[in-house]
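The sequence and the model come before the text.

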Amino acid sequence: MPPPHTTLRVLASSELADMGPLLDDLRRETGIELVMEHRGTIDATNALNPGDYRHDIAWLSTDRYFELKLKQIGFTGERPISSRFMFSPLAIGVKPAVAELLRATTTDQHLSWADLADLSAMGMVRFGMADPKHASSALSALIGVATAAAGTGGALREEDISCDRLRGFFAGRTLTGDTSRRLADSYAANQDDADALINYESVLLSLNASGKLREPLEILYPRDGIVLADYPMLLLDPAKRDSYEAVVNWFKSEQGQRKIMERTLRRPLDSQVPRDPRFGEFSTNTLYFPERKETIDRLAAEYSRPQSRDPSHVIFVLDFSASMSGPRIAALRSAFAGFSGADPSAVGKFVRFYKGEMVTIMRFGGHVLDERDFTITGQADLKAVQDYIAADRFDQTTGVWSALEAAYAKAAAATRDHPEQPVTIMLMTDGENNAGISLQDFLRNHQARDPAAKAVHTYTVRFGEANPGELDQAARATGGRMVDANATSLSEAFKEIRGCR
C-alpha cells in the first residue's frame with residue numbers, strides 16, 4: 001500500500017529547481033509532495049516575515065541573510081528549526097586558456113578575488129555574475145570582493161564601503177542574470193561573451209556535464225574567501241513537523257545523500273558517501289560575513305547605483321613645487337606606478353587604474369604648470385601616465401588653492417559634458433599656499449558653483465609641511481576628507497582614498 005499523500009508548500013531558492021527528480025522519488029517513497037515556489041534567495045528571504053509565513057517550509061541556499069534580517073528587526077521569538085544535508089562552495093569557472101593566464105600571473109597559482117579584480121581591470125578577463133539584488137551567489141561574491149578590497153582582515157563594515165574600490169572588478173563583467181540558474185543558461189547561449197563564470201560549484205559542474213559548452217570550465221576556488229551554500233531547510237509551520245522530519249531523514253539517508261551527489265552535483269553532508277572525483281579541493285578559509293544587515297543593504301545599494309559601475313574621471317592635482325624634488329617626487333612616482341599595476345598587494349589590485357577610466361593630471365607650482373587627460377585602454381596609457389609624472393619641471397612657489405580652483409573648472413566642464421560619469425578630485429601638496437588665491441577665496445567661489453560641479457568631492461593628501469587644518473577644511477567643504485601621508489606613506493595615503501566619491 002502506498003504511503004498516505006501529504007503536501008508541503010516550499011519557498012525555495014531558484015537553483016533548487018534541479019532537485020525535481022529527487023522530489024519525485026521522495027513522493028513515491030514517503031507520500032510527501034513538496035510543491036516548490038522558486039525565487040532568487042534574496043527575494044525569498046525578503047518574503048519571509050515572522051508571524052506571516054505563507055509556506056510550510058523555506059529551503060534556501062543560505063539562511064545568513066535571514067538571520068541578519070531577524071536581528072535587524074529585533075525579532076526575539078523562536079527561530080524556525082532547520083536541517084542541512086548538502087552543500088556547494090562558491091567558485092569561479094574559467095575557460096582553460098584563461099586558467100593558464102591566471103596561473104601565470106599569480107604567485108602561488110591559486111586565484112584570489114584580488115587577482116580577478118586585477119585582471120578584470122585591464123580587460124584581460126571578462127566574467128559573468130548574477131544580480132546581487134536577487135541571487136545569493138552574486139551577493140556572496142560581492143561581499144567577498146568588497147571584503148578583500150577593504151583589506152581590514154575582518155568582516156565587512158559599513159564604513160568600508162565609503163570608498164568604492166570595485167570599479168576595476170566590475171569593468172570585467174560582461175554577462176549577468178537574475179538568478180544563478182539563469183546566468184548559467186545565459187553563458188551557455190553566449191559563450192563568446194565571457195571567459196569566466198562566478199557561480200556555485202554544483203551549477204558549474206552541471207554546466208560542464210550538460211554538453212552545451214564548447215570547452216569545459218576549469219573550476220577555481222578563491223583563496224581569500226570561500227563561501228558555502230549549505231541549503232538549510234527551515235520549518236515554518238510547526239504543525240507540519242512530522243512530515244518535515246520525514247523529508248529531512250529521507251535526504252539524510254545513504255540513498256538520499258548519494259542521489260543528491262549523483263543528480264545535482266552538490267556535496268553530500270555525510271562524509272561516508274564516496275566523493276565524486278570532480279569535486280575539487282578548496283581552502284577552509286571561509287569568508288567573514290557582515291555582522292549587520294545594514295552593511296549588506298548599503299553594499300547592495302551602492303552596487304545598484306549606475307555610477308558605481310560606470311568608468312570614473314579622477315582629476316589628480318599634484319604639487320610640483322621645488323620642495324617636491326628628490327625623495328618626495330620619487331614617492332609620488334612610486335604611488336602612480338602602483339596605480340599602474342606594480343603594487344602586488346591585495347588592496348593594490350583593487351585601487352589600480354582600470355580600463356575605461358579617465359584620468360586628468362594637473363601639475364602645479366605657483367599656478368597650474370600643465371595638464372593632460374588620459375583614458376586608460378591598456379599598458380601604453382599606463383606608461384604614458386608614468387612618463388608624464390616623470391617630468392622634472394618644478395616651480396619655486398606653491399599655489400594650492402588656485403590649482404584646486406582650476407580643477408573645479410575642469411570638473412564643471414566634465415559634469416556638463418558627461419553628466420553620467422562620476423568625477424572625483426584628489427589634491428596632493430607638501431607645502432603651504434604662498435601664491436594665487438587664498439583658501440577663503442576658494443571656499444567663497446565654491447559656494448557659487450553650479451550644483452553638479454559643487455557635488456564633486458575633493459580628497460586631500462597632506463605631505464611634508466602642508467597645512468593640515470586648511471587641507472582638512474577644504475576637503476570637508478567639498479564632501480571629501482583629508483589623509484595625512486606623513487603618518488604612513490604617500491602610496492598608502494593615495495590607496496586609502498582612491499575611488500572615494
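Where does UniProt place the feature "domain: VWFA"? The UniProt record, an unreviewed entry, puts this feature at residues 313-497. UniProt positions follow the numbering used here, feature names are shortened, and annotations may be inferred rather than shown by experiment. The model is predicted: local features need pLDDT of at least 70 and side-chain atom pairs count only at pLDDT 80 or more, while totals for chains, interfaces and linings use all residues. Residues are numbered from 1 along each chain as its sequence is written, and side-chain values use heavy atoms, with hydrogens and water left out.

**The annotated span**

Residues 313-497 are 44% helix and 21% strand, and the end C-alpha atoms of the span lie 14 Å apart. Helices (H or I, at least four residues) and strands (E, at least two) are DSSP runs, numbered from the N terminus.

Ala 435 is found in the loop that runs between strand S16 (423-429) and helix H17 (439-447). Ala 435 has a relative accessible area of 16% and is buried. The classes are buried (under 20% relative accessible area), exposed (over 50%) and partly exposed in between, with a 1.4 Å probe and protein chains only. Leaving aside residues up to four places away in sequence, Ala 435 touches Gly 366, Thr 397, Thr 398, Gly 399 and Ser 402; contact means heavy atoms within 4.5 Å. Between the C-alpha atoms of Ala 435 and Gly 499, which are 64 residues apart along the chain, the separation is 30 Å.

**The five-stranded sheet**

An open sheet of 5 strands is ordered S2-S1-S3-S11-S4, with mixed pairing. Its edge strands, each pairing on one side only, are strand S2 (32-39) and strand S4 (82-83). Two strands pair if DSSP finds at least two bridges between them. S4 and S11 run antiparallel and are joined by 2 bridges, and Ser 82 stands opposite Leu 234 in S11. Helix H1 (residues 20-30) packs on the sheet and touches S2 and S3, its direction making about 155 degrees with that of S2. Helix H10 lies across strand S1 (6-13), S2, S3, S4 and S11, and runs at about 165 degrees to S11. For these angles, axes are lines fitted to C-alpha atoms, for helices over the stretch in contact, and values run from 0 to 180 degrees between N-to-C directions.

Of the 9 residues of helix H5 (residues 113-121), 9 are buried, so H5 is largely enclosed by the rest of the structure. The buried residues of H5 include Trp 113, Asp 115 and Asp 118. Just after H5, Gly 123 has a positive phi of about 75 degrees.

Gln 257 belongs to helix H11 (residues 254-264) and is buried at 2% relative accessibility. A polar atom of the Gln 257 side chain lies 2.8 Å from the backbone oxygen of Phe 85. Not counting residues up to four places away in sequence, the residues that Gln 257 touches include Phe 85, Phe 251, Pro 268 and Val 273.

**Salt bridges**

How many salt bridges does the structure hold? There are 48 salt bridges, a salt bridge being a side-chain nitrogen of Lys or Arg within 4 Å of a carboxyl oxygen of Asp or Glu.

| Pair | N to O distance |
|---|---|
| Lys 240 and Asp 56 | 3.1 Å |
| Arg 258 and Glu 262 | 3.8 Å |
| Asp 484 and Arg 462 | 2.9 Å |

The Asp 484 and Arg 462 side chains meet in a salt bridge. Asp 484 lies in strand S18 (residues 482-484) and Arg 462 in strand S17 (residues 457-462), so the pair ties together parts that are 22 residues apart in sequence. Asp 484 is partly exposed at 24% relative accessibility, whereas Arg 462 is buried at 16%.

Lys 240 and Asp 56 also form a salt bridge. Lys 240 is in the loop between strand S11 (233-235) and helix H10 (241-252), and Asp 56 in the loop between helix H2 (41-46) and strand S3 (57-59), so this pair ties together parts that are 184 residues apart in sequence. Lys 240 is partly exposed at 26% relative accessibility, and Asp 56 is buried at 1%.

Arg 258 and Glu 262 both lie in H11, 4 residues apart, about one turn of the helix. An α-helix has 3.6 residues a turn, so residues three or four places apart point the same way. Arg 258 is partly exposed, with a relative accessible area of 31%. A network of salt bridges links Asp 25, Arg 28, Glu 29, Lys 259 and Arg 263.

How values were computed:
Polar contact = N/O pair within 3.5 Å; in protein donor to acceptor, adjacent residues only side chain to side chain.
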